[in-house]
Amino acid sequence: MGNRLIGYGSYLPARIMSNADFERVMDTTDQWIVERTGIRERHFAAENETVADMAVAAARAALENAKLKIDDIDMVIVATTTPELDFPSVAVQVVGRMQAQKNIPAFDVRGACTGYIYALHCARAFFTAGMHERIMVIGAEKMSRFVDMTDRSTAVLFGDGAGALIFERSSSSYSGIIDTVVMSDGKKFDMLHGSPDHKIIMNGPETYKQAVTLMPDAARYIMDHAGITPDDVDWIVPHQANLRIIQSGAARLGFPLEKILVTVDKHANTSGASGALALTYAFDNNIIKKGQLVLYPAFGSGLTWGATLIRV
Ligand code: ACO
């Protein structure tokens with residue numbers, strides 16, 4: 001039992017923080033940020049704008065794109081690491097705020113920057129088991145809540161936003177989420193984690209070193225598992241953390257740069273929303289076309305890492 005992609009949508013907060021805006025409030029430069037990360041700007045949510053607000057906006061856009069209503073969906077999964085409330089889940093809030101008449105099962109997945117891959121892994125498992133008809137998978141983050149304006153080494157890296165994809169059960173196992181792999185190594189917890197007072201604690205160079213190995217490893221693993229080569233893949237949509245990590249990973253895998261989708265310049269690192277935001281950007285701009293095969297590897301705090309293959 002397979003699935004296919006039937007809708008997509010995203011939401012980016014109105015406020016854009018450029019590198020020049022950071023230059024005004026901390027000891028940094030546009031040149032340093034662009035050279036080290038490839039980031040030029042990011043969106044920051046308003047003070048009173050929540051992760052659930054952004055998730056609802058992305059969900060509405062995806063439903064409109066699919067020409068469906070919330071009650072046509074029979075499961076909602078939200079990948080998020082930055083919910084304002086410990087409970088209930090953002091997914092439940094989305095279903096409630098959209099006035100669903102059915103009792104749609106809804107839950108969050110917390111996998112940091114690999115969260116969206118973990119969420120897709122769950123969706124694929126439910127489709128494979130034949131348990132659900134239509135699943136909406138949302139990635140939504142308010143990373144700006146964790147941004148410490150006194151720490152220039154992390155403040156410039158992150159952004160806010162949400163993206164949503166809707167998948168429907170299908171008899172084909174060659175469309176939609178075709179394959180997923182997820183992994184973790186909790187012994188590397190210290191490398192990158194949140195603090196109780198909502199700060200990002202990160203060993204940047206060590207995180208960089210792990211990322212340039214783990215993302216290509218996951219990509220290679222999933223290609224081997226699916227019995228395909230880089231020639232079969234139309235696009236790589238890597239987790240958008242840093243342009244240098246993306247380029248180094250592509251080189252390790254032998255992928256030409258023309259096949260790599262980059263949105264980190266516009267969105268920065270939106271953690272669990274990164275993949276869905278990058279994909280919806282590519283669909284909206286007719287960059288990734290219907291029928292193409294996308295390989296999406298990610299890594300993040302935990303450490304966690306993984307990859308998925310999606311035929312769009
Ligand atoms: N502006 C100017 N200078 C800066 C800034 C800044 N914003 N930030 C750091 N610097 C300085 C440092 O203070 C240091 O100065 P010093 O040499 O005088 O001490 C110098 O730049 C070099 O610092 P490094 O940390 O060695 O710089 P590096 O080249 O490693 O780049 C970076 C830092 C961009 C953070 C890089 O290590 C990186 O991208 N790491 C991966 C981070 C990442 O992807 N995190 C997200 C993980 S996913 C998730 O789950 C959240």
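How many residues of domain 1 are in contact with domain 2, and how many of domain 2 with domain 1? The answer opens the first legend below.

**View 1. The two domains and the contact between them.** Here 50 residues of domain 1 are in contact with 46 residues of domain 2, where contact means heavy atoms within 4.5 Å. This is a predicted model, in which local features need pLDDT of at least 70 and side-chain atom pairs count only at pLDDT 80 or more, while totals for chains, interfaces and linings use all residues. Residues are numbered from 1 along each chain as its sequence is written, and side-chain values use heavy atoms, with hydrogens and water left out. Domain 1 spans 2-170 and domain 2 spans 176-311; such bounds come from an automatic or database domain assignment. Taken over C-alpha atoms, the domain centres are 16 Å apart.

**View 2. The area buried between the domains.** Domain 1 and domain 2 bury about 3900 Å² between them, and carbon and sulfur atoms give 65% of that area. Buried area is the accessible area (1.4 Å probe) that two parts lose on being put together, summed over both. Look for Cys113, Ile117 and Phe146: these residues supply 17% of the area that domain 1 buries against domain 2, more than any other three residues.

**View 3. Polar and charged links across the interface.** Between the domains, 20 residue pairs are in polar contact, with both residues at pLDDT 80 or more. A polar contact is a pair of N or O atoms within 3.5 Å; within protein, one must be able to donate a hydrogen and the other to accept it, and residues adjacent in sequence count only if both atoms are side-chain atoms. On the side of domain 1 that touches domain 2, there are 22 nonpolar, 16 polar and twelve charged residues. For these classes, Ala, Val, Leu, Ile, Met, Phe, Trp, Tyr, Cys and Pro count as nonpolar, Asp, Glu, Lys and Arg as charged, and the others, Gly among them, as polar. One salt bridge is found across this interface, a salt bridge being a side-chain nitrogen of Lys or Arg within 4 Å of a carboxyl oxygen of Asp or Glu.

**View 4. The salt bridge of Asp179 and Arg124.** The side chains of Asp179 and Arg124 meet at 3.5 Å, N to O. The whole structure holds 13 salt bridges. In this pair, Asp179 belongs to strand β8 (residues 176-184) and Arg124 to helix α5, 55 residues apart. Helices (H or I, at least four residues) and strands (E, at least two) are DSSP runs, numbered from the N terminus.

**View 5. Around the ligand.** The ligand is surrounded by 24 residues, and the closest are Thr28, Arg36, Cys113, Asn242 and Ser301; a residue counts here if one of its heavy atoms lies within 4 Å. A side-chain N or O atom of Trp32 is 3.3 Å from an oxygen atom of the ligand.

View 6. Most residues other than glycine have a negative phi, and most peptide bonds are trans. Phe87 and Pro88 are joined by a cis peptide bond with omega about 0°, and Pro88 sits in the loop between β4 (75-79) and α4 (90-97). From Gly302 to Leu303 the peptide bond is cis, with omega near -10°; Leu303 is in the loop between β12 (293-300) and β13 (304-311). His198, not a glycine, has a positive phi of about 60°.
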